[in-house]
Amino acid sequence: MTKGGAKPGDLLVLTKPLGFGVTTTALKRGLAAPEDVSEVIGWMSRLNARAGLLANEFGIRAGTDITGFSLLGHGWEMAHASGVQFRLEFDKIPFISCARKYAEQWTFPGGSSDNRLHFGPNVHFAGEISEMEQMLLFDAQTSGGLLLAVSAEKLSAFKRRAAELDQPVWVLGSVSAGSGIKVAR
């Protein structure tokens with residue numbers, strides 16, 4: 001599996017929700033509620049071993065982990081290496097339950113602003129996606145999940161096997177001809 005194997009028609013699947021950076025920064029600032037800290041630690045402590053096993057079982061040819069460069073940064077690297085465009089649907093992207101609360105308090109780590117400056121020119125957002133929502137997609141993650149390009153023909157079996165492995169998966173977009181990333185509502 002490489003970053004450069006995504007093909008038009010593939011679907012984009014994520015194996016962990018987003019919002020770790022904004023929440024851990026809230027913790028550092030003394031703003032995070034104990035239940036929110038427990039939720040983020042629970043997700044961050046979950047290894048990507050099952051997600052990796054799933055990817056290998058299905059011969060996934062394109063994928064990356066979502067860490068400090070954010071969903072959009074790592075996603076752009078993958079789309080660029082594959083010579084394709086990623087189309088994401090914001091409303092299908094999973095977030096931990098407290099991510100929006102801390103985003104509204106603007107507790108983004110510094111790396112998130114760097115991600116926006118560096119990768120932002122390669123991303124087109126639909127007009128109804130707010131600045132805060134955009135920043136959640138540039139949120140620098142620690143111990144994030146995997147972003148995988150799964151062929152449409154394999155998706156149903158992939159999701160069934162994920163459920164058997166107790167591996168959450170979210171389909172958040174698709175791969176098409178073109179370049180960059182488009183984010184729609």
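Predicted model: local features only at pLDDT ≥ 70, side-chain atom pairs only at ≥ 80, totals over all residues.
Strands of a sheet pair through backbone hydrogen bonds, either parallel or antiparallel. Here, 7 strands form an open sheet of mixed pairing, in the order E2-E5-E1-E6-E3-E7-E4.

Strand E3 (residues 85-89) and strand E7 (residues 180-184) run parallel and are joined by 5 bridges. Leu88 has Val183 in E7 as its bridge partner.

## Salt bridges

Side chains of opposite charge can pair when their charged atoms come close. The model contains 11 salt bridges. One of them joins the side chains of Glu77 and Lys3 at 2.6 Å, N to O. Glu77 belongs to helix H4 (residues 70-82), whereas Lys3 lies in the segment before strand E1 (11-14), 74 residues apart.

Asp10 and Arg61 form another salt bridge, at 3.1 Å. Asp10 is in the segment before E1 and Arg61 in the loop between helix H3 (49-57) and E2. Asp10 is buried, because its relative accessible area of 3% is under 20%; Arg61, at 36%, is partly exposed.

## A linked network

Asp91, Arg100, Glu133 and Arg185 are linked in a network of salt bridges. Within it, the side chains of Asp91 and Arg185 meet at 3.0 Å, N to O. Asp91 lies in the loop between E3 and helix H5 (99-104) and Arg185 in the segment after E7, so this pair ties together parts 94 residues apart in sequence.

## An exposed helix residue

Ala163 lies in helix H8 (residues 155-164) and is exposed, with a relative accessible area of 59%.

Terms used:
Residues numbered from 1 in each chain as written. Heavy atoms only, no water. Helix = DSSP H or I, 4+ residues; strand = E, 2+ residues; numbered from the N terminus. Buried < 20%, exposed > 50% of the residue type's maximum accessible area, 1.4 Å probe, protein only. Pairing = 2+ DSSP bridges. Salt bridge = Lys/Arg side-chain N within 4 Å of Asp/Glu carboxyl O.
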